[in-house]
Amino acid sequence: MWHYGWDSAANPLMWLGMAIGFIIMLIFLGLLIWFIVAISRKNDSASSTPSTSRAVELLKERYARGEINTEEFRERLLELEENKRLS
């Protein structure tokens with residue numbers, strides 16, 4: 001009467017549909033992972049670089065105006081670079 005289960009005469013379109021579904025699922029997961037990584041990298045680079053470079057620019061301006069001497073400029077510049085590496 002009715003034959004339940006898998007056999008060698010299974011419909012080939014069924015296998016094709018399952019394969020396509022599996023491929024679509026893998027593509028979706030890959031895009032999701034890529035999106036999450038791209039957003040996290042964007043947030044990391046946006047948060048640390050501008051503040052440090054702005055601080056260096058302000059330090060250079062103060063040095064150029066004569067508000068700080070060469071020794072103080074070098075000390076603060078080294079401190080900023082060290083903080084940048086630690087972040």
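## A salt-bridge network to work through

E61, R62, R65 and E67 are tied together in a network of salt bridges. Keep in mind that this is a predicted model.

**Exercise 1.** Work out which salt bridges link E61, R62, R65 and E67 into a network.

*Solution.* 
- Step 1: Start at R65, which forms a salt bridge with E61, and the closest N and O atoms there are 4.0 Å apart.
- Step 2: Stay with R65 and look at E67: these two form a salt bridge as well, with 2.9 Å between the closest N and O atoms.
- Step 3: Now go on from E67 to R62, another salt bridge, where the closest N and O atoms lie 3.0 Å apart.

**Exercise 2.** How far apart along helix α1 are R65 and E61, in residues and in helical turns?

*Solution.* 
- Step 1: Find helix α1, which covers residues 12-65.
- Step 2: R65 and E61 are four residues apart in this helix, so about one helical turn separates them.

**Exercise 3.** Sort the network residues: which are exposed and which are partly exposed? Exposed means over 50% relative accessible area, buried means under 20%, and partly exposed falls in between.

*Solution.* 
- Step 1: R65 has a relative accessible area of 54%, so R65 is exposed.
- Step 2: E67, at 45%, is partly exposed.
- Step 3: E61 comes in at 35%, which makes E61 partly exposed too.
- Step 4: R62 has 29% relative accessibility and counts as partly exposed.

**Exercise 4.** Which residues gather in a patch of negative charge on the surface, and where is E79 found?

*Solution.* 
- Step 1: The patch brings together E71, E75, E79 and E82.
- Step 2: Look up E79 and you'll land in helix α2, residues 70-86.

**Exercise 5.** Zoom out: how many helices and strands does the protein chain have, and what share of its residues is buried?

*Solution.* 
- Step 1: Count the elements, and you get two helices and zero strands.
- Step 2: Check burial next: 7% of the 87 residues count as buried.
- Step 3: For the surface, the accessible area of the chain is about 7900 Å², with 65% of it belonging to carbon and sulfur atoms.
- Step 4: Finish with the salt bridges, which number four.

Note on methods: Residues are numbered from 1 along each chain as its sequence is written. This is a predicted model: local features need pLDDT of at least 70, side-chain atom pairs count only at pLDDT 80 or more; totals for chains, interfaces and linings use all residues. Side-chain values use heavy atoms; hydrogens and water are left out. Buried means under 20% relative accessible area, exposed over 50%, partly exposed in between (1.4 Å probe, protein chains only). Accessible areas come from the Shrake-Rupley method with a 1.4 Å probe; for residues, only the protein chains shown count as cover. Patches are made of residues with over 30% relative accessible area and no salt bridge: like charges are joined within 9 Å, nonpolar side chains (Val, Leu, Ile, Met, Phe, Trp, Tyr) within 5 Å. A salt bridge is a side-chain nitrogen of Lys or Arg within 4 Å of a carboxyl oxygen of Asp or Glu. Lys and Arg count as positive and Asp and Glu as negative; His and the chain ends are not counted. The place of a charge is taken as NZ of Lys, CZ of Arg, CG of Asp or CD of Glu.
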